[in-house]
Amino acid sequence: MDFGRKWMLVHDNVMPGRFYWAVMGLDKESDVVHIETRIAKGRAWYVKCRAQRCTEGNRQYLFPGDVDTNSLVVQDEYVFTQVTKVGRPSYFVSYMRESFRQMQLPKYCLPKDMHIISTDEKQVFAAVQEWNQNNTYSLYISDSPGVYFTLSLENLRTSRGAAGNLLVDFYKVEGINGMYLANKLLDNHIKTFITYDKGQTWALLPAPTSDVAGNNLHCILPFCSLHLHLEMSENPYTSGPITSKKSVPGIIVATGNIGTELSSTNLGMFITSDAGNSWRQIFDEEHNIWFLDNGGALLAVLHAPSPIRHLWVSLDEGKKWDRHSFSLSPLYVDGVLMEPEADNHILTFFGHFGHRSEWQLIKIDYMGLFSRRCMDGDYQTWHLHNKGELCVMGEKQTFMKRMPGNRCMLAQDYSRIYSSEPCLCTAFDFECDYGWERQTDGKCSPAFWFNPNGATKSCSSSQSFLNSTGYRKVLSNNCKEAGKNVFSPRRQACQSRPPQGLRLSTSQGELSAPVGSNVTFMVYLDQGDSPGTSIHLDFGDGIKIIYSNLSRTDDGIKHIYRTTGIYRVTATAENSQGSDRTTMFLHITSPVERVYLSIPIVAIRGKEANLTAVVWPSHSRTLTFFWWFDNSSEPIITLEGSISYTFQREGKNKVTVQVASGSNVLQDSKVITVKETFRSLLLSFSPALDEHNPDISEWREDIGRVVRTALSQVSGVTEKQLLVSLYPGLPTTAELFILPDEHLSTEHKRGREETLDMISDIFVTALNQGLIQFELKADVRIVVYMTQQTLAPLVDSNSIHSGSAMLMLLTVVLIGVAAFFIYKFKRKIPWIHVQAEDSQEKDPEVISTVGQNDNMSKVKLSEFPSPKELVVKDLEPRSRVHTGKKHPSHRNILVLTTTKSTFIKVQISEYFRFPKF
C-alpha cells in the first residue's frame, strides 16, 4: 500500500455501500473483499476476491446464480443475500463462509422485506415485514447457523433515515446478556417493551414514581408506562437518544416520555441503575449523555438549537449534577470528541460561536474531578434481576460498581461481574423451535402447518437422531437441566417406514436455467427410513444417478445440460417399506440472438399460408411465439415456430412475430400481399452471386429490388405487378410473383388469369434467353435464370442425398431426355432414317443441322438482337392474333457462336412485349 498515491480498479459496476472487507479469522487473507456487482437491472453477482488480485481468473462467485441488487450483507460470521422470483423474495445465508442455505421463516410469514438487525453472539436478529404489514416489521430470531427463524415480537416500529434507509426501533443494552428494548405498535399506540431473556418474554417499562421536581406521577401499569426513543444517532459525535456502556452494566440513559404511548413532545431524560427494573427522571429537557472514566461519571450537554456555555457532570449515577462552564462565550455545539478508555482524560468540544464564524475547538481535562484511584473498599455489589427474579439468562449474576459519590478514578481492568451461578432450566430459557409456537401458558406447541413427526436428515447418518421436543435453548443461556431433560432434543431410534413427502427443487427454487450452467438439485424427504432409503434421480436427458443414502444429497446434486429443451426430472425414494416419487419440469434455455420471419410475400385470399419464425440459436420447445396480424388486438400464441393462417383481405397485410425466452423478447415483421390469383416462377442466378451473398435480409431485399427492376425494363410490366423474394442460404435462389393489374376489373377473373399466363410466358422466354441481367459490381454481371414454374421446392432442403443416388438420378433424367428428343425429332436427325408423314395442319419446319464442318452462316453474340428489338419484332404477329386474324406460329432456330469450335442452339418461342392496358 502507498497511502493513496496510486489507485487501481478492483471491480466495476459495484453497488453503492455493498463492499465489505475481510473478517479476520473467517477470511483467509486480510485483503479479501466481498462485492456486489451489478450485471443487469435488479440483478447482481456476489463476487469475492483479493483487492489487488481481482482479475476475472481470481474471482470467486460463491452464490449459485445472480442475486437482487442491494441485498448483499457481510456481517461477522454471516453472509446474507436475496433472490426474488415471481414477486416473492427468498433469503439465503452462509454461516462461517460455508455454502449458502435458504433461510426458513414460518411457512405463512410470506415476507415482503427483511433487514438484518444484529448478528451478535452467533445468532441473527432480523426485522421482517410480513405480507399483512405496511408500516411495521416483526422481530425474528434464528438458530446459530442463521437458517431457522422463530417469531419474537410483532409490529416493531420503523422509520426512514435521511438517506432513505430503514430504522428499526430496537436496541441492545450493552453489558447485560439477553437484554433488549423495542418499540411496538399495540392497539394503535407505540409502546416501549423490555426483554431479559433474549426475546422470549416482553414487558412494559415501569415509569418513575416522581418527576425531576419530586412530584408524584401516579403512572400505573399497564395503562401508563415509560416510553423511550430508541433511534440511533446519525451524527457519530452526539450520543443519540439512548446510550449504555459495556463497562457500566445496568445503567441506561435515554430520552422519552411518560404516558400511554411514545410521543415527540414533553420529552425528558430518564436513567436506570438496575437494568431497567426502576427508572428516575434526571432532566426535563433533551440532553446528550456521555460516559466518563470508564463509565464512572456522566457528562450531560443540553441538546438545543441555541448556543450554550455550560455542561453537567454526575458521579453518583445521575442523582446529583454539578454544573461547569466550558466557554466564556456561548458555543453552538456540533459534537464532542473523546477517547473513553484513554488515560489522558481529555474531551474536545467542537462547534462555532456564530453561523458565519470559524470552527472552534475547546479541550477539557476532567482529571480534576477525581482525587485518587479507587481501592477495593470503594466498590459495592448489586444483583441483576427481572422484577425480583434473580435467574436471568439461566444464571444468577452479581455485578460490582463504584459506590455512588466516591470521587475516585476507576481502573480500566477491574472486573464488573463479581459472581455467576447457573440456575435450573425453565420453559423460558428455551425458545420455541422452528415450526412451534408459544402458547398463552408458556408452552410450545406445533403450528397448524408443521408436522413434528417428519423425519429429519440427521437420521440418515446413523440409526438414531435427535428429535426436537419443540424447544431449542436460547443461545448464551447458561441454565442446567436437572435429571431428565424435559426441553432438550431427545435421541430417538430411526423408525422403519416407507418414504413420504419426497420433494425435488433446484437450489434457488427456479424452474429454468441457462444451457451449459451447473444446475443444483435439492432432494427433501419428510418421512421415511433415511438410512436405508436410496434416491434415484433421472435428469431427463438420458443420464441417471443413484444415491444409496439420503445424507449424500445434503449439498445438492449438480448436473449440466448441454442442449436447450424442457426436461422431465424425476426423483424416486425407495426402501424396503415402499417408495415415493416426484417430478419437476426444468426449462433449459439460451438467449435468443436473432429472429427471422419467413413468409411468402404473396398469398391467395382464402387459402392457408405457412408462416415460420426462425430463431438463432435454435431452441427446442422453450420459446413462446406471439403472432400479430394487421390491427388485431389479441395475438395467436404458439409453442412452435410455425403457423398456418388464412388471409381474408386483399392487399398488403402486416405480420409480426414476437419470440419470448424468459424476459428476453425479440420480434420481426414482414408484409404479405394477398391476391385472388397470381403466378410465380422460381429463379436462380449466376454462381458468382453466391460469392457475394452475406445471407442477411437487407442484402436479399436489395437484390430482389434490382431483379424486379430488370424484369420490368425488359418486359414493360410495371414494378407494382412484380414481387421478387430471395430465399436465405446458398445457392442463391428467388421467387418471382406476378400480380394482376390493379386497374383491371375484378369481375373478369378468367381474363385476369389469361393475362397473368401471357405475362408469365414472356418472363419464361426472357429468362431462358438470359435476357435478365444486372450488374453487381464493376466487373461482376449476374444473369437470372428460371428454375421451375411451380411453388413447390425442387429438392427437399432438409434431406442429405448421397453422391451415388444423385448420380443415378441424373443418369435416369439424361436417358429420359434423350429418348424424348429422339422420339420428337427423329425425322430431323440425319443419321436416323425414319419415314414420317407430315400433317397438313402443321406448318413447315426449318431444320438446321449443326456440325463443325457445316458451311452455314453463324450469328455471333455481338450480333444478337437486343431484348427490346426481339420484343418489337415479335409484337406484330401477336397483335394480329388479338385482332382475330389467324397466324401461323413462328419457330426460329438461331445458332449462336462464342468460339470457333463451340455452337449453342437456342430456340426462341413466342415472345412479345405485353401491351399496357
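User: How do strands β11 and β12 pair in this model, and over how many bridges?

Analyst: As a general idea, strands of a sheet pair through backbone hydrogen bonds, either parallel or antiparallel. In this predicted model, strand β11 (residues 136-142) and strand β12 (residues 149-160) pair in the antiparallel sense over six bridges, and the bridge partner of Ser 142 is Phe 149 in β12. The hairpin of these two strands has six residues between them, among which Gly 146 takes a positive phi near 80°.

User: Which residue takes a positive phi in the hairpin of β12 and β13?

Analyst: That residue is Gly 164, with a phi near 85°, in a hairpin that has five residues between the strands. β12 and strand β13 (residues 166-168) pair in the antiparallel sense over three bridges, and Thr 158 stands opposite Val 168 in β13.

User: What is the order of the strands in the open sheet of four strands?

Analyst: The order is β23-β24-β25-β26, with antiparallel pairing; β23 (287-292) and β26 (322-325) are the edge strands, since each pairs on one side only. Neighbouring strands of this sheet are turned by 30° against each other on average, direction ignored. Four bridges join strand β25 (residues 310-314) to β26, where Val 313 stands opposite Asp 322.

User: Is Lys 401 buried or exposed?

Analyst: Lys 401 counts as buried because its relative accessibility is 15%, and the cut-off for buried is under 20%. Lys 401 lies in strand β33 (residues 395-402), and a polar contact of 3.1 Å joins its side chain to that of Glu 317. Lys 401 and Thr 381, 20 residues apart in sequence, are 6.2 Å apart in space, C-alpha to C-alpha.

Methods
Residues are numbered from 1 along each chain as its sequence is written. This is a predicted model: local features need pLDDT of at least 70, side-chain atom pairs count only at pLDDT 80 or more; totals for chains, interfaces and linings use all residues. Side-chain values use heavy atoms; hydrogens and water are left out. Buried means under 20% relative accessible area, exposed over 50%, partly exposed in between (1.4 Å probe, protein chains only). A polar contact is a pair of N or O atoms within 3.5 Å; within protein, one must be able to donate a hydrogen and the other to accept it, and residues adjacent in sequence count only if both atoms are side-chain atoms. Two strands pair if DSSP finds at least two bridges between them. Axes are lines fitted to C-alpha atoms, for helices over the stretch in contact, and angles run from 0 to 180 degrees between N-to-C directions.
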